[in-house]
Amino acid sequence: MIGQNINKIKDELKGITLVAATKGKPIGKTQEAISAGITIIGENYVQEAAEKYKQLANQAQFHLIGHLQRNKVREAVQIFDMIQTVDSLPLAQKINGECKKINKNMPMLIEINIAQEENKSGCAQEEVEKLAAEISKLTNLRLQGLMTMGPA
């Protein structure tokens, strides 16, 4: 079933890379998605990703798609191939510092709270340009673009 759904989605999204969000899904279901052609796993939580990473690290890339707390940065840079939710300069600096320690260049996206929802993470739209300029000065981060989630 997972394989059929993935193939249907891929047919509709020609030229677009699909990131499979596997929050709360068991490793078996995540493995099934990888076997069906998923190459990027999106995880919301560092702890949950760490468990899956132990078994699936060489089978797919791992992207952090949930809010990253600064106390989880050290573990996150070990696991993830991209962090899609950088929303402040202090967080970017912490990621950069941890990446320096292990000689890693981390691709990342700036998360924008485009709808200005209080319960959502992300920087304010008017702060993006300044944040991008500051992040571009950090030697171990590679700003790849922006990420946002609209209201439901």
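How much space lies in the second largest pocket? In this predicted model, the second largest pocket holds about 180 Å³ of space, and its lining is made up of I2, N5, I6, I9, A20, A21, T22, K25, K29, T30, A33 and I38. The elements that each give two or more residues to this lining are α1 (2-12), β1 and α2 (27-35), with α1 contributing the largest share, four residues.

For the largest pocket, the volume is about 360 Å³, and among its 16 lining residues N44, I65, E111, M147 and M149 lie nearest the centre. Two or more lining residues of the largest pocket come from each of β1 (19-21), β4 (82-86) and β6 (141-148).

| Pocket | Volume | Lining by class |
|---|---|---|
| Largest pocket | about 360 Å³ | six nonpolar, seven polar and three charged residues |
| Second largest pocket | about 180 Å³ | seven nonpolar, three polar and two charged residues |

The cysteines can be considered next. A disulfide is a covalent bond between the sulfur atoms of two cysteines, and a search of the whole structure finds zero disulfides. The sulfur of C99 has its closest cysteine sulfur in C123, at 19 Å, which is too far for a bond, given that a disulfide is counted when the two sulfur atoms are within 2.5 Å.

Terms used:
Residues are numbered from 1 along each chain as its sequence is written. This is a predicted model: local features need pLDDT of at least 70, side-chain atom pairs count only at pLDDT 80 or more; totals for chains, interfaces and linings use all residues. Side-chain values use heavy atoms; hydrogens and water are left out. On a 1 Å grid over the protein atoms alone, a cavity is a set of points where a 1.4 Å probe fits but cannot get out, and a pocket is an open set with protein on both sides within 12 Å along at least five of seven lines; lining residues have an atom within 4 Å of a point. Grid points are joined across faces, edges and corners, and a volume is the space filled by probe spheres set on the points. Ala, Val, Leu, Ile, Met, Phe, Trp, Tyr, Cys and Pro count as nonpolar, Asp, Glu, Lys and Arg as charged, and the others, Gly among them, as polar.
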